[in-house]
Amino acid sequence: MTASPAPAYKDTLNLLQTPFNMRANAKVREPQLQAFWADNRIYERLSRENPGAPFTLHDGPPYANGALHVGHALNKILKDIINKTALLQGRKAVFVPGWDCHGLPIELKVLQGLSNTERKELTPMSLREKAHAYALEQVELQKGGFRRWGIWGDWDAPYLTLHKSYEAAQIGVFGRMVLAGHIYRGLKPVHWSPSSRTALAEAELEYPDGHTSPSVYVAFPVVELPEALGQKLGEAAGDLAVAIWTTTPWTLPANLAVSVNGSLDYAVCRVEGEPAGGARHLVVAAELVESLRSTLDLGLTEMVRLKGAELEGLTYRHPLLERTCPVVLGGDTITTESGTGLVHTAPGHGVDDFNTGRKYGLAVLCPVDEAGNLTAEAGPFAGLNVLKDANPAIIAALQEAGALLKEQRYAHRYPYDWRTKKPTIFRATEQWFASVEGFREQALAAIDQVEWLPASGRNRIESMVRERGDWCISRQRTWGVPIPVFYHRETGEVLLNEATIRHIQQLIAEHGADVWWQRDEAGLLPEPYAAEASQWRKGTDTMDVWFDSGSSWAGVLGGLPGDQARAEQLEYPADLYLEGSDQHRGWFQSSLLTSVAVNGHAPYKRVLTHGFTLDEKGRKMSKSLGNVVDPAVLVEGGKNEKQEPAYGADVLRLWVSSVDYSADVPLGPGIVKQLADVYRKVRNTARYLLGNLHDFDPRPQAEGGDAVAHAELPLLDRWMLQRTATLIDSVSGDFERFEFYRFFQALQNFCVVDLSNVYLDIAKDRLYVSSAGDPRRRSCQTVLALVVERLAGLIAPVLCHMAEDIWQNLPYPVAEESVFERGWPTAPAEWRQPQLEAPMAQILELRALVNRQLESCRKDGGLGASLEAQVQLELAADESTAPLREALAQLEASSQPRVDNLADWLLVSALRIGGPAPEGVLAEASEGGLTVRIARAEGEKCERCWHYETDIGQHASHPTLCGRCVAVLEG
Ligand SMILES: [Zn+2]
């Protein structure tokens, strides 16, 4: 209402009454509601006692380091929306949150916090103790943030990868893989970070833009040709060299072969003019002759063409070291996309090289130490660092030897250590591997059994698993789970068998992984080995943290065969894994590989992925850009709450529901303001519904209550319930498909359009003006009560605090303490009356046309409130108005004319269809056979209901009221 009626009459209206605040006051109210859930054990009871089947969304453990950011919010809130929906649907949705606690970042954090002296005195055990304490601290901090967002789960019993039981299960997974023959030790090139002095997993690499390498073209002089080849070449065999290209000159001291593709064409070319690289003839790929002419600035004339296979067995002299090496056949990975088509091969420094070398029995030469310095095996280059001075020195030596054809900078993708931001190298070391080859086909078959959402995830992980090499699972660090292996002190023989693994697993289950560092070999070995413990040395490697988290199906879901400690109510395979789309390479994959290796199937039935969070302009969030949205500030407010108000967890949750998370999602101050507006609209709608129910008894009238039976409801009310049923159906589907942004849109539409703009707008007169017990008002209240209870249920997975706040403020008793105990909203069959939609749409269109005319009258100043107006409609008697006439006829025929009455629906004082035009028309419009005329209403304004009526002044006791209002007041 736009102004107040006379004070005395205002008190006779039924005005809003509710303690449900317009303002959320989230900073105070949300923690109160969370305390209510905790005190009443709502999550604990529903997750254990619900009648439905268990639902297991298995939490991917965030790393226990650092403050929570919006990426955490997107991830955990999505999970919580899904879990709360499952709980509402009666499933036993136990959620065990987890943390990934081992690994280098925490180890580095601890080391950075130490003084030099402390660092010198550090023992592995004291480092582990500090790392343990640090991880627990971080877990507590992050846990507090998650709980503040209203995330439900077993927060008092989360899983940590540093728990004894978890570590023991992980050793169990490792042991099963050992016994199945999937674990081996080998010298193998791995991604090695000289700056961290450790091997790195694929997932620990990043590829920054702008990396360039010093690439060189080099001629290797041919020493000997196979006889057939010599005859074929004839004159072209004189002063012959093979040309190679490399972007890592520092690997040339490790060169043991040159690889060619057997099926490619190669050309032996004459070098015109001066010899190049000491050669008068060069072998290069035939397809590259032309481009090499300009790259090398050489006159090259093709003399003989031959297949790569014909070059096999040719030998050449290493240009820098006393060594003769062969040309060998590499694979189809050798192409003519760049270089010369002949590939410098160093089995100690590349995976393809290693594989080729194995085929030809080449040594795995690796003349580089863990710091990246060349060793004595590199001859004159010993002591140079491969990332610093080795390249220039080697290039200079090539120049001096006359072998250099060309040097140029080359920009390409190059792997960096994601922690130190320094380049990595390939380096052969003794490592422990999981042989993916041993179960690759099974893994691919398992991928096929899983439902991937979005479907593109399947191709991603499938091609990654198809193409990945063996998994290097050992790390040269202290903060982790040990690889439980012993080496013979003299022979180096490995001791790793069922008895030793079982024994270590038991020790770790009892004492934790620390036992590996606390005890000597005698204390770690089972009999009979303990008796000869002095012969054995325990290993010092720890496991890749991806093996830690990848074992969570065993450590948490109890997936190890024969595991008696299987967690109650948790399913293996899990119903759902849900993480960022980078986890196809990380956790989804490590979990898949370990589960397949042990049990032959994936640890999950469905995998859902989300994108990453960006700012409003689509940029990464970073401190330097100043575009970081801190979820703690968004929820609790900043230092200056005028600039950074406390929006509350529900607004953060609403954001998560609003985005299409299948792609990257934006967040920034503008978006937060819009979300806060939507939040307020929903809240105000709920407040209006609650505020009009303060005197309503929801029991049926037959039982002494106020609720009107569905069959007796006016058309307008039945339409509103039909809309509500439609909303329930569509939102149920949206949640089923995890398409929460559709829920977000449907919710807004329902609150703003169906409720505020239409139903509640028309209902004001019924609710305020009618006498409290008038059926006209009671039927409306019946609808409001039915709608508000369902609205609370539908928003509960997302706006959990507001939903509970609504429930706690229902002004009548309900059976359930919490909205979550009510269960997922349903609509009785009689609500579904789709036949009401088309006529109502006709009338709403008419209403919009009338409103536009009223609005123009108001702008002209000819009219104030719409109740000052009367409307006359004229309908052409042809097809164009047939649907509207039919709709109006239905309205006319309603058994509830005091509600289903077009003048009331248009919020005007009088309405006439047909007949002569009213006098003093203020506005007139025609559209599709319909003419609308607006004129000033006849009579005077009733001081109580503001309708213009002609019977005012006829009642001595209330001379300023209309007959209807007098009847209300005089009962
Ligand atoms: Zn009145």
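**Helix crossing, zinc site and buried residues**

Reader: At what angle do the axes of helix H2 and helix H27 cross?

Author: Roughly 75°. The axes of H2 (residues 26–39) and H27 (residues 800–808) come within 10 Å. Axes here are lines fitted to C-alpha atoms, for helices over the stretch in contact, with angles running from 0 to 180 degrees between N-to-C directions. The two helices are therefore roughly perpendicular to each other, a label for angles of 65 to 115 degrees.

Reader: Before we go on, what kind of model is this?

Author: A predicted one: local features need pLDDT of at least 70, side-chain atom pairs count only at pLDDT 80 or more, and totals for chains, interfaces and linings use all residues. Residues are numbered from 1 along each chain as its sequence is written, and side-chain values use heavy atoms, with hydrogens and water left out.

Reader: And the H numbers?

Author: Helices (H or I, at least four residues) and strands (E, at least two) are DSSP runs, numbered from the N terminus.

Reader: Back to the crossing. Which residues make the contact between H2 and H27?

Author: On H2, Arg29, Glu30, Leu33, Gln34, Phe36 and Trp37. On H27, Cys800, His801, Glu804, Asp805 and Gln808. Contact means heavy atoms within 4.5 Å.

Reader: How many residues of H27 are buried?

Author: Eight of its nine, so H27 is mostly covered. Buried means under 20% relative accessible area, exposed over 50%, and partly exposed in between (1.4 Å probe, protein chains only). Cys800, His801, Met802 and Trp807 are among the buried ones.

Reader: What do the buried residues of H27 pack against?

Author: Several helices, including H2, H4 (70–88), H23 (669–691) and H26.

Reader: Pick a residue in H26.

Author: Ala785 is in helix H26 (residues 775–795). Ala785 is buried, at 5% relative accessible area. Leaving out residues up to four places away in sequence, Ala785 touches Leu693, Phe696 and Tyr812. The C-alpha atoms of Ala785 and Leu690 are 7.8 Å apart, although 95 residues separate them along the chain.

Reader: New topic. Which residues coordinate the zinc ion?

Author: Cys942, Cys945, Cys962 and Cys965, each through SG, at 2.2 to 2.4 Å. Donors are N, O and S atoms within 2.8 Å of the metal (3.2 Å for Na, K and Ca); water is not among the atoms, so sites may look incomplete.

Reader: What is the arrangement of the four donor atoms around the zinc ion?

Author: Tetrahedral, because the donor atoms subtend angles of 103 to 112°. Four donors count as tetrahedral if all angles lie between 85 and 135 degrees.

Reader: What spacing do the donors follow along the chain?

Author: C-x2-C-x16-C-x2-C. Cys942 lies in the loop between strand E34 (940–941) and strand E35 (948–949), and Cys962 in the loop between E35 and helix H32 (963–970), so the pair ties together parts 20 residues apart in sequence.

Reader: Is Cys942 buried or exposed?

Author: Buried, at 0% relative accessibility. Cys962 is buried too, at 1%.

Reader: Which side chain makes a polar contact with the side chain of Asp765?

Author: That of Arg964, at 2.9 Å. A polar contact is a pair of N or O atoms within 3.5 Å; within protein, one must be able to donate a hydrogen and the other to accept it, and residues adjacent in sequence count only if both atoms are side-chain atoms. Asp765 lies in helix H25 (residues 740–769) and is buried, at 13%.

Reader: Last one: where is His102?

Author: In the loop between strand E2 (98–99) and helix H5 (104–112). His102 is buried, at 0%. Its side chain makes a polar contact with the side chain of Asp548 (2.7 Å).

Methods. Tetrahedral: all angles 85-135°; square planar, octahedral: opposite > 155°, others 65-115°. Parallel < 35°, antiparallel > 145°, perpendicular 65-115°, else oblique.
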